[in-house]
Amino acid sequence: MAGPAKIDPMHQFQITSLGGGELQASPFMFTNSALWMLIVLAVIVAFMWGGTKRQLVPGRWQTAVEMLTGFLENVTRQSIGPEGRKYLPWVFTAFVFILAANWIGAMPFGIVPGAHPFTVTSQFTVTGTMSIISFAIVLGVGFWKHGLHFFSLFVPKGTPFILTLLIAPIEFVSFMVRPFSLGLRPFIAMFAGHILLEVFGNFVVQGLNAGGPMGYGISLLAFLFVAFVSALELLVGAIQAFVFALLTALYINDAVNLH
Amino acid sequence: MPQLAQLALVYQSQWFWLLIVLGVIYFFVGRGIVPKVEETVDQRDAQIAADLAAAEHLRAEAATAEEAWRATINEAHAEAQAVTAKAKEEAAKDADKRVAAADKRLAKKLDEASAALDEARRSALTEVEAMAADATREIVAKLTGSKVDDAAARTAVAEALSRA
């Protein structure tokens, strides 16, 4: 980064091919994104595996795992009801994957030379796919359980007929917007947060390069800001995972119980 | 924005790897590990509930046992009190009886003693009378020379004594 460093805050979202070769449009292309997905997977499996000692009196690790599953079991049960247990695996998968990806992406692996941290959830191909899966579950459960009666979802109970003509299209549009809002929310949060971190990290470096009381002052200020945003990023990462899981559960509840 | 610029190039591999990763999490973790963890939690909850119920049961049992023990103790107390009361009463009655018997004996002794005393006094008195009659006779004989017969002397002495 010598000379007039031009730091591109978008570079961190670049997907590159690993193991040599140009990036090609092939499903089997192993990219840095795929690598970090596998890292996320490994962390999740290791974490969950460590909590399956099935002790009567749980240790710290087992307690943490039990708190996680208990929390999500609670979310599904409160949102969907007793039937919610069937949908726990997907709600769990979505929550845990988004949470782990967000937090691993927020870790300062960049200080290790050669390591290029990558936040999987900052790719809308990832969050969008997950929201499409959630939406597909909602549609599938809705039509499988209620058949064409599922369309009554768009007509709130007790609506006068005249209003139905007005409300049904609105309900339909709001229903169809769900997968987009669901997928965009975690993507935007991670995208914006990481741009912010990169930009202010850039200020730290540029302030140090400039030198002088002004440069060091700005550098220090920017550093404090980066630390603050990093903490915020951990919070946002958890909130986004929770929101995704909760909304998925609520949407499934619509399909299971209509309303 | 690389996400858009690279979309055509990367979407296939992104989906491919994402679906693999999500599939592993869903089937291995979500359907494999999570139910086990929940089962453990449920087992623990069941065990705690059972233990609590057993403890509650034992507590109730202990309460009934204590109640029974208290009742027994109370009964024993009452019995003991009755026994002591009865013993006291009997002892008092016995003592009364013995005191009465002793009283009777003493009274009898007193009677006898006073009877003996009376007898002694009477015999003494008779002796005194006899001696007085003798003395009277002798005095009369010495003074007058006449002989007073014994019966008259006695009568006179008795009269004088009764007057005195």
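**Entry 1: a stretch of chain B**

I began with residues 85-123 of chain B and took the distance between the end C-alpha atoms, which came out at 56 Å. The span is 100% helix and 0% strand. The model is a predicted one, so I kept the confidence scores at hand for later. UniProt, in an unreviewed entry, gives residues 85-123 of chain B the feature "coiled-coil region".

The record has another feature on this chain: the unreviewed UniProt entry puts a "transmembrane region" at residues 15-34 of chain B. I checked the model there too, and found 100% helix and 0% strand, with 25 Å between the end C-alpha atoms.

I looked up the pLDDT next. Chain B has an average of 90, and 99% of the residues score at least 70. Where in chain B is confidence lowest? I found that in helix α3 (residues 150-163) of chain B, with a mean of 80. Helix α2 of chain B, residues 7-144, has the highest mean, 92.

**Entry 2: chain A on its own**

I counted 6 helices and 0 strands in chain A. Read from the N terminus, the order of elements is α-α-α-α-α-α. Along the principal axes, the C-alpha atoms of chain A fill a box of roughly 70 × 55 × 40 Å.

For confidence, I noted a mean pLDDT of 89 in chain A, with 97% of its residues at 70 or more.

**Entry 3: where the two chains meet**

The area buried between chain A and chain B is about 4100 Å², and carbon and sulfur atoms give 71% of that.

Then I went through the polar side of the interface. Between chain A and chain B there are 8 residue pairs in polar contact, both residues being at pLDDT 80 or more.

**Entry 4: salt bridges**

Side chains of opposite charge can pair when their charged atoms come close, so I searched for such pairs. The whole structure has 14 salt bridges over all chains, and the interface of chain A and chain B has 3. I looked at one that joins the chains: R85(A) and E38(B) meet through their side chains at 3.1 Å, N to O.

I also picked one inside chain A, where the side chains of E73(A) and R77(A) form a salt bridge at 3.4 Å, N to O.

Technical notes. Residues numbered from 1 in each chain as written. Chains lettered and ligands numbered in written order. Heavy atoms only, no water. pLDDT = per-residue confidence, 0-100. Helix = DSSP H or I, 4+ residues; strand = E, 2+ residues; numbered from the N terminus. Buried area = accessible area lost by both parts, 1.4 Å probe. Salt bridge = Lys/Arg side-chain N within 4 Å of Asp/Glu carboxyl O. Polar contact = N/O pair within 3.5 Å; in protein donor to acceptor, adjacent residues only side chain to side chain. UniProt positions renumbered as here; feature names shortened; annotations may be inferred.
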